[in-house]
Structure formats: structure tokens, C-alpha cells
Amino acid sequence: MSRHICLRCIGEDPYSCKEYVIEYKGGITSKPILYEDSDFEHCINCGVGQGGYHHLYCESEKCPCCGGQLISCEYPLSYERNTRDQQDT
Ligand SMILES: [Zn+2]
Ligand SMILES: [Zn+2]
Ligand SMILES: [Zn+2]
């Protein structure tokens, strides 16, 4: 298995990541969108099962805020990949 280990759940449960909330700018939090697909029983990217939380940085996870790909969305604060435009205030 060459899949990298999820930093959030450390691969404890392959069927679902740990329950978590996505933090957005302004202190807003949102529940992540759980995996649900009628074609594949498991997420093709991170491998979680139906109704499971996607693992960290899963390319299939959708952003509950904009409906786009979560890893490329710039709004969530809890994804450290998105800290490119840091402003000191
Ligand atoms: Zn996934
Ligand atoms: Zn995980
Ligand atoms: Zn978004």
C-alpha cells in the first residue's frame, strides 16, 4: 500500500476519518460533506466508505461552503495548504 497515512486519524479507521469540523475565516465552522456515491462503495481517492468522513486532503472531498474541491478552496482555515496569503493583522 503506497497510500499516505492520513494525519488527522493516523489511519485508525479505513472506513471513515475522524469526525471534524472545517474552520473558515471569521470563526465560522461547517460540518464536512460525508462521502456518498452510488457508483463506488468506497471513495476512489481516500477509500472511506459510504457516509464516512473523507481523509485529510482527499481530492474528492467537496467544500460545504462553495461546493468546489475542498483542497483547492481558499476559504477553510483548517487546511494548512491554504495559508498562502497570510496577512498580519
Ligand atoms: Zn475521499
Ligand atoms: Zn483520516
Ligand atoms: Zn469552498
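**Proline 64 in its setting**

Modeller: Of the 89 residues of the protein chain, 21% count as buried (20 or more other C-beta atoms within 10 Å of a residue's own, C-beta atoms being placed from the backbone; 12 or fewer is exposed, in between is partly exposed). This is a predicted model: local features need pLDDT of at least 70, side-chain atom pairs count only at pLDDT 80 or more, and totals for chains, interfaces and linings use all residues. Residues are numbered from 1 along each chain as its sequence is written, while chains are lettered from A and ligands numbered from 1 in the order in which they are written.

Proline 64 sits in the segment after β2 (29-30). Proline 64 is partly exposed, because 16 other C-beta atoms lie within 10 Å. Leaving out residues up to four places away in sequence, Proline 64 touches Ile22, Ser30, Lys31, Pro32 and Ile33; contact means C-beta atoms, placed from the backbone, within 7 Å. Proline 76 lies 12 residues from Proline 64 in sequence, and their C-alpha atoms are 9.9 Å apart.

Tyrosine 57 is also in the segment after β2. Tyrosine 57 is partly exposed, since 17 other C-beta atoms lie within 10 Å. Its phi is positive, about 65°, although Tyrosine 57 is not a glycine. Most residues other than glycine have a negative phi.

How values were computed: Helices (H or I, at least four residues) and strands (E, at least two) are DSSP runs, numbered from the N terminus. Two residues are in contact if their C-beta atoms, placed from the backbone, lie within 7 Å.
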